[in-house]
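Please open the model in your viewer and keep the selection tool at hand.

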Amino acid sequence: MWTWALRSIIAERGTMAASLSGIAMAFVVALSLDAIFAGETLGIIAYPTHAEADVWVMQEGVANMHMASSLIHADRAEDVQDVAGVSSVTPILYLNTFVRAGGEDWFSYVVGLPPQAERGGPWEVTAGSGAPEPGGVILSEVVAHKAGVELGDRVSIGELDLAVTGLSGGTFSMANTITWVALQDLREHMSAPRSTSYLLVEVDGDADPAEVTGAIMASRSDLHAMTAAAFVASDRRMAMHMGADVVQLMTVIGTALAAMVLAFTIYAATLRRGRELAVAKALGAPDSRLVLAVLFQSVILGAGGWLVALAMFAVGAPLLDQLVPDVSLVLQLSAVTRLAAASAVVIVLATLAPALRVLRTDPALAFS
Amino acid sequence: MSDALIELHEITKVFGTGHTAVHAVRQVSMSVGRGEIVLISGPSGSGKTTLLSMIGGLLRPTSGRIVLDGVDITAAPRAAMPAIRAAKIGFVFQAFNLMSSLTAEQNVLFPTTLVRGERAHKKARTIALLDKLGLAQRRHHPPHKLSGGEKQRVAIARALVNDPPLILADEPTGNLDSASGQQVMMILHDIARDEGRTIVVVTHDPRVEDVADRILWLEDGRLRDRKAETHEWVRDPVCGMRVDAWTATEFLERGGVRHVFCSRRCLERFETATTDNGAARPE
């Protein structure tokens with residue numbers, strides 16, 4: 001029975017290839033959107049991920065960097081420094097704004113970094129300096145490339161006229177880019193000479209970041225502190241939340257497409273083999289076994305489509321990365337498992353119509 | 001248990017209802033013994049295949065009972081029928097009806113997956129049957145690489161593989177040349193004689209009569225016995241056509257004379273044109 005079910009779909013190689021391709025393409029669309037979104041999300045949270053802080057301290061009521069702003073008095077850095085377990089504190093000022101480069105505006109997280117900052121600077125310097133000096137700016141290398149600017153060229157942030165002194169890698173996504181300037185310059189630009197946004201805290205070697213976080217919040221009621229892991233997770237949730245609906249919708253559409261292709265293939269095969277089904281019934285095959293055989297065929301095609309989709313993605317993602325370097329694709333295990341679950345749904349849905357056809361097949365047709 | 005493997009009691013099958021009702025089979029009763037070869041013949045549309053489908057448990061009669069090997073299959077639950085068919089009936093079809101994607105051996109093995117038993121035993125029986133039917137060298141061939149005769153022999157092996165007591169064959173020689181048809185009928189004959197299986201064959205092929213123990217004639221849903229090669233040729237008194245009195249279903253007694261007609265139309269004309277004693281009505 002299983003041999004018959006398997007060979008029935010393998011025998012029609014052209015149909016099977018077309019079906020597998022269709023199912024795989026539908027899955028690839030869903031998978032790619034998820035991967036693009038995941039890649040963009042990683043880009044959005046790149047700064048808190050690479051800032052190398054053990055604890056993040058910010059204004060009370062703030063729990064994110066993405067789509068958030070935080071302003072605290074510069075003196076809070078010294079207050080936090082006095083908390084037990086704190087090894088060092090790096091204040092940064094942060095602003096969501098546009099950087100004008102090459103005649104275009106580039107939306108950016110602009111980070112004001114103090115001189116000799118121990119953390120919070122670019123984690124991959126591809127050209128020039130990694131420490132922003134007054135009057136200087138460190139741009140994303142992708143922005144520089146797209147804008148056609150090089151080291152020494154001028155860019156502006158509002159009224160601030162800055163010289164490009166460094167280029168960074170891994171700091172560009174379709175949603176934002178990261179730019180570093182001197183803390184002093186950004187304070188002037190924001191007319192906030194005694195302000196910082198976040199304090200990047202390094203804890204003592206033997207201190208527990210969670211305990212230090214609690215101690216900081218206990219010492220100052222106007223501050224909110226989070227361990228780096230909690231802060232990054234919070235930022236990721238915020239970033240994901242903003243596009244989750246779109247990704248879910250596309251996953252549903254991709255799944256529905258795959259279900260339709262699979263259902264059509266299995267249904268068409270069931271129709272084509274209507275007489276064989278009748279013969280199988282006449283010979284004594286019970287409906288339950290024949291429905292299971294159809295389900296088995298759906299599993300073969302659905303799982304096959306899923307595997308082909310993964311293979312297509314594995315081959316296509318690096319190519320896309322080369323062709324469109326701005327877009328970063330990140331295939332997450334959760335996306336793969338979610339798609340596997342969707343495949344299971346697709347398989348069951350696609351089996352319904354053919355199964356009904358099987359149940360309605362009259363074994364007496366074998367004599368016709 | 002009686003000697004009869006199949007017993008049909010007043011079987012009727014009506015398709016449709018009201019004015020559109022078609023009586024495919026009318027109150028057919030018959031009994032077929034073990035090891036017997038029974039041929040059911042008759043004109044197209046006479047209900048042969050419908051009758052065969054009912055004997056095979058593929059179709060429920062409108063009324064009447066069918067007892068197969070002691071089991072009343074008309075009273076059995078529908079869900080039980082596949083298992084009964086798999087174990088007790090082997091089917092041979094005119095169009096062979098082999099699974100196109102399977103090899104000859106896999107086709108024969110197919111019904112074995114529907115019954116209990118050891119896989120090795122099933123495989124061995126399959127190979128033995130294919131050997132016996134002269135298909136040892138064709139085991140791994142798909143149906144499209146087999147001749148018509150070979151396909152039908154594979155179908156016979158498939159019908160035999162579960163060792164059923166009954167083989168139902170629908171026009172088994174219908175798509176075969178003379179030599180292949182003869183070979184297939186001799187195989188069926190041997191199966192009945194040597195293995196004691198009951199074989200019911202529906203066919204138009206007069207050559208098959210040679211191996212039949214009994215020939216039944218079905219016309220307009222009614223069944224009657226007819227001895228092989230027995231004909232009684234008479235003239236239709238209306239149209240003059242030669243009619244076999246053994247197989248004719250339209251006849252009328254008038255004035256102590258049995259008149260046989262080729263069709264209902266001639267019978268009605270005769271009725272209109274003659275009086276009750278058979279004399280011509282005055283103009």
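The tour begins with how to read the model and then moves from selection to selection.

This is a predicted model, in which local features need pLDDT of at least 70 and side-chain atom pairs count only at pLDDT 80 or more, whereas totals for chains, interfaces and linings use all residues. Residues are numbered from 1 along each chain as its sequence is written, and chains are lettered from A and ligands numbered from 1 in the order in which they are written.

**Chain B as a whole**

The chain averages 86, and 93% of its residues score at least 70.

Of the 283 residues of chain B, 42% count as buried, that is, with 20 or more other C-beta atoms within 10 Å of their own, while exposed means 12 or fewer and partly exposed lies in between, with C-beta atoms placed from the backbone.

**Helix H6 of chain B**

Next select residues 178–195 of chain B, which form helix H6. At 1.5 Å a residue (times one less than the number of residues), these 18 residues should span 26 Å, and the end C-alpha atoms are 25 Å apart, which agrees.

Which residues of H6(B) are buried? They are B:Gly181, B:Val184, B:Met185, B:Ile187, B:Leu188, B:Ile191 and B:Ala192. Seen down the axis of H6(B), the buried residues fall within an arc of 150 degrees (taken from the directions from the axis to the C-beta atoms), so they line one face of the helix.

Show strands E3 (37–41), E7 (166–170) and E8 (198–202) and helix H5 (148–160) of chain B, against which those buried residues pack. Then turn to the face away from the buried side, which carries the exposed residues B:Ser178, B:Ala179, B:Met186, B:Asp190 and B:Asp194. Just after H6(B), B:Gly196 takes a positive phi of about 70 degrees.

**Where chain B touches chain A**

Finally, display both chains: 22 residues of chain B are in contact with 18 residues of chain A, contact meaning C-beta atoms, placed from the backbone, within 7 Å. On the side of chain B that touches chain A, the elements giving two or more residues are helix H1 (48–55) and helix H2 (81–88) of chain B, and H2(B) provides the largest share, 4 residues.

Methods
Two residues are in contact if their C-beta atoms, placed from the backbone, lie within 7 Å. pLDDT is the predictor's confidence in each residue, from 0 to 100.
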